[in-house]
Amino acid sequence: MPDIEVVTVGELLGVVEPLDLGSRLESAVLLQQFIGGTEVNVALTLARLGHRVGWAGAVGDDPFGRLGIRTLRGEGVDVSRVVVNGSAPTGVYFKEVLALGGLDNHPYRAGSAASLATHHDFDTDYLLSGRVLHLSGITALISTAGHECVTYLADQARRRGVHLSVDVNVRRRLLRDRDAGELLAPLVRAADTLFLSRSEAVLLLSTEEPTRLQALLRSLAATTILVHDQRGACAITEQRIDRIDARAVDVVDPTGAGDALVAGYLSGWLEDASVADCLQRAEHCAAHAVTSRGDNAVGVTRILRHISCDGEVDAR
Ligand SMILES: Nc1ncnc2c1ncn2[C@@H]1O[C@H](COP(=O)(O)OP(=O)(O)O)[C@@H](O)[C@H]1O
Ligand SMILES: [Mg+2]
């Protein structure tokens, strides 16, 4: 793929859920499958927006690995550096979108091919060949190998001047009783653009308050902190603080909202859009993610690249 813009690396997951939204797995007869994993979701949304994006990761030599590679390739994501491990499985999670709102996830990812991969398994030059390397804290939490991998890549991105995008994405289930601050410090300290939910900001930076986060920029490598929750998002740079409200939508499945937000924001960044415009794309993609089934923003299309400031699509 010529002039790749973004490369992302992480764990691809098979996802299985009841076909009838709102029914419980133990009573469901018909199930549907698709793929997920935060970096996969980011890659898919960026590709749908028309960007040149590569995803790398280790999958098993099994149906979910093959489904993942085929899906990503079919959506235009470069999968030329995916590693297939013949002796460990692709991680899977079973998902229940609850009838009264919320989710119940049942992961089977311990010992997965992805959790065993170190940076030695990947082509580092390829991973650092884009304008942006996007990593998530999930990889740092899944295993010692994952932690080593993203720590090494974050360091290499800084050394080589590749823009490092980090979504900290703390998952309590993966964190267990370990110290999030210590485990994620190599990513938080190295990121150029840092994405956190408000609760993650409190956990890792001791505040979610935009002006206090703005003051922290002096002690971080980051030029931008993007802090978000269900109600909206806020982009913080040394010069300014921009906010956007989430729109009122009928939520179908909130999975992947943050991933879509990241992809939309990076899409704007890649095109030198203003921070306000980046935020608008971010919110638009996130709205698509929560209003569609599956873990990523299925309805996002390239036309969103021409969204104008008042939220109207400019189809010229
Ligand atoms: N219930 C919702 N209604 C409308 N937009 C939402 C909703 N939940 C999330 N979003 C959109 O997705 C963005 C990210 O959501 P958030 O819940 O913070 O992400 P995460 O997936 O990381 O938990 C929000 O800022 C908003 O734009
Ligand atoms: Mg998130």
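Modeller: Start with the term. A pocket is an open set of grid points, where protein lies on both sides within 12 Å along at least five of seven lines. A volume is the space filled by probe spheres set on such points. Keep in mind that this model is predicted.

Biologist: What volume does the largest pocket have here?

Modeller: The largest pocket has about 1,500 Å³. Its lining has 47 residues. Arg171, Pro254, Thr255, Gly256 and Ala257 lie nearest the centre.

Biologist: How does that lining divide by class?

Modeller: Into 19 nonpolar, 13 polar and 15 charged residues.

Biologist: Which space does ligand 1 take?

Modeller: Ligand 1 takes the space of the largest pocket.

Biologist: Which residues come nearest to ligand 1?

Modeller: Read the shell first. A residue belongs there if one of its heavy atoms lies within 4 Å of the molecule. Ligand 1 has 13 such residues around it. His228, Asp229, Val251, Gly258 and Ala286 come nearest.

Biologist: Which elements supply that shell?

Modeller: Strand E12 (224–229), helix H11 (257–270) and helix H12 (275–291) each give at least two residues. H11 has the largest share, with 3 residues. By class, the shell around ligand 1 holds 7 nonpolar, 4 polar and 2 charged residues.

Biologist: Now the polar contacts. Where do the oxygen atoms of ligand 1 meet the protein?

Modeller: The idea is a pair of N or O atoms within 3.5 Å. Take the side chain of His228: one of its N or O atoms is 2.6 Å from an oxygen atom of ligand 1. Then the backbone. A polar backbone atom of Asp229 is 2.8 Å from an oxygen atom of ligand 1. For Gly258, a backbone N or O atom lies 2.8 Å from a ligand 1 oxygen atom. As for cover, ligand 1 on its own has 560 Å² of accessible area, and the protein covers 81% of that.

Biologist: What lines the second largest pocket?

Modeller: Its space is about 160 Å³. The lining of the second largest pocket includes Arg109, Arg173 and Arg176, along with Leu141, Ile142 and Leu174. Helix H5 (137–142) and helix H7 (172–175) each give two or more residues to this lining. The classes are 4 nonpolar, 2 polar and 3 charged.

Biologist: How many cavities of 30 Å³ or more does the structure hold?

Modeller: First the general idea. Rolling a probe the size of a water molecule over the atoms shows where empty space is left. In a cavity, the probe fits but cannot get out. The structure holds 1 cavity of 30 Å³ or more. The largest cavity has about 70 Å³ of space.

Biologist: Which residues line the largest cavity?

Modeller: Among them are Val9, Glu11, Phe122, Thr139, Ile142 and Cys149. H5 and helix H6 (144–160) each supply at least two residues of the lining. By class, the lining of the largest cavity has 7 nonpolar, 4 polar and 1 charged. Ile142 lines the second largest pocket and also lines the largest cavity.

Notes. Residues numbered from 1 in each chain as written. Chains lettered and ligands numbered in written order. Predicted model: local features only at pLDDT ≥ 70, side-chain atom pairs only at ≥ 80, totals over all residues. Heavy atoms only, no water. Polar contact = N/O pair within 3.5 Å; in protein donor to acceptor, adjacent residues only side chain to side chain. Areas by Shrake-Rupley, 256 points an atom, 1.4 Å probe, with all protein chains shown as cover. 1 Å grid on protein atoms, 1.4 Å probe; cavity = no way out; pocket = protein on both sides within 12 Å on 5 of 7 lines; lining within 4 Å. Sits in = over half its atoms within 2 Å of the grid points. Helix = DSSP H or I, 4+ residues; strand = E, 2+ residues; numbered from the N terminus. Nonpolar A, V, L, I, M, F, W, Y, C, P; charged D, E, K, R; others polar.
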